[in-house]
Amino acid sequence: MLDSPSSLSQRTVIVCPMILWISLILVAGSGSSSCWGGQTIYVKLLVDDEEVFRDEVWKQRLRNRLEKASEIIHAYTKVRFSVIAFDRWDSDDSVQDFIESLREFESKAERGPARIAIGFTSQYQLKQGRDQLGGTRGAMHSHILLREANPKVFEPDRLEVLVHELGHFLGAAHSPDPDSVMRPVVADGRARLKSFPIRFDPLNAEIMRLVGLEIANRDVRRLSDVSPNVRTKLTVQYDRIARIFPEDESTRKLLRLLDSPRTAKESSLSPSQAPLRPLTLPKRVPAVPQRLVPHRLTP
Ligand SMILES: [Zn+2]
């Protein structure tokens with residue numbers, strides 16, 4: 001766990017305290033600010049009405065997790081994520097499907113004043129076998145939903161799931177690299193090993209670096225708004241991933257988003273904004289393995 005309770009990164013406060021106030025004012029409208037040579041993406045963290053812990057407990061738990069995830073991602077890109085607000089939403093007890101839960105979360109949870117709303121639902125327990133742990137509709141989408149309460153999933157796994165979904169926010173696709181946080185099946189126990197750092201594969205690292213520069217330098221809000229030069233470079237990276245991992249649809253989905261024309265209403269869900277395939281658990285959740293074994297990918 002990280003110790004800092006600050007909602008703004010310590011580096012931001014130290015480097016440019018004068019601009020901090022301006023940034024906080026701008027945040028209400030934009031959900032992001034730039035003052036340290038990079039970009040801070042402000043996040044609202046939400047739990048549903050099934051969260052059993054007191055407010056101060058779950059807020060600290062999720063703030064710590066986001067700060068850890070932000071540090072991991074910042075090693076690859078100029079972007080940081082920082083908490084600016086907390087909230088709750090009332091999830092429908094009858095919903096037992098992840099995609100339906102994501103749709104409900106998007107309709108009930110306002111992201112303002114942040115740029116992203118990240119929801120942690122404890123509405124229903126994971127089923128035996130493969131199940132969805134998290135999901136979003138694609139790069140730079142306004143909402144990310146994650147499954148929270150489950151005795152089979154531990155804090156290191158939850159951190160890895162959060163890093164995975166924030167990777168999607170920055171344009172990362174699923175990877176066949178069994179050591180990459182962007183492998184499509186996680187919570188396989190490996191994140192609990194001290195010898196297993198949460199890391200991105202080189203192709204996704206380059207994608208995130210490029211997208212992060214666009215966000216930091218031009219405040220790009222959509223993948224389709226990147227500059228022509230970056231679009232060409234991203235297409236090359238996505239094509240490389242598609243060649244080595246043709247069975248996964250996330251790369252094709254991100255390529256479609258890269259080419260999507262701007263729409264007037266960001267929240268309107270065009271066919272290209274169908275959710276990325278949700279992140280899943282392996283069929284059987286193993287105990288922490290004694291030695292690393294090749295990771296099986298979802299069919
Ligand atoms: Zn994914």
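**Helix packing and a buried strand in the predicted model**

Of the 299 residues in the protein chain, 45% come out as buried. The model is a predicted one, with eight helices and seven strands in the chain. Among contacts with a separation of 6 or more, 73% link residues 24 or more positions apart.

Take the strands first. β6 (143-147) is mostly covered, with five of its five residues buried. Side chains in a regular strand alternate between the two faces of the sheet. In β6, His143, Leu145 and Arg147 point one way while Ile144 and Leu146 point the other, and all are buried. On the pairing side, β4 runs parallel to β6, joined by five bridges; here glycine 119 sits opposite leucine 145. β5 pairs with β6 too, this time in the antiparallel sense and over three bridges, with glycine 134 as the bridge partner of leucine 146. The hairpin of β5 and β6 has six residues between the strands, and glycine 138 takes a positive phi near 140° in that hairpin.

Helix α4 (residues 98-108) brings its own set of buried residues: Phe98, Ser101, Leu102, Glu104, Phe105 and Glu106. Two packed helices are described by the angle between their axes and the distance between the axes. For helix α6 (residues 202-218) and α7, the axes come within 10 Å and cross at roughly 160°, which makes α6 roughly antiparallel to α7. The crossing is left-handed. On the α6 side the contact involves Leu203, Glu206, Ile207, Leu210 and Glu214, which meet Val230, Lys233, Leu234, Gln237, Arg240 and Ile241 in α7. By class, that is six nonpolar, one polar and four charged residues.

What angle do helix α7 and helix α8 pack at? For α7 (residues 228-244) and α8 (residues 250-259) it is about 165°, with the axes 9 Å apart, and this makes α7 roughly antiparallel to α8. Again α7 passes α8 in a left-handed crossing. Here Arg231, Leu234, Thr235, Tyr238, Ile241 and Ala242 in α7 meet Thr251, Arg252, Leu254, Leu255 and Leu258 in α8. The class tally for this contact is seven nonpolar, two polar and two charged residues.

Technical notes: Residues numbered from 1 in each chain as written. Predicted model: local features only at pLDDT ≥ 70, side-chain atom pairs only at ≥ 80, totals over all residues. Axes fitted to C-alpha atoms, helices over the stretch in contact; angles between N-to-C directions. Helix = DSSP H or I, 4+ residues; strand = E, 2+ residues; numbered from the N terminus. Parallel < 35°, antiparallel > 145°, perpendicular 65-115°, else oblique. Left-handed = near helix turned anticlockwise from the far one by under 90°. Contact = placed C-beta atoms within 7 Å. Nonpolar A, V, L, I, M, F, W, Y, C, P; charged D, E, K, R; others polar. Buried ≥ 20, exposed ≤ 12 C-beta atoms within 10 Å, placed from the backbone. Pairing = 2+ DSSP bridges.
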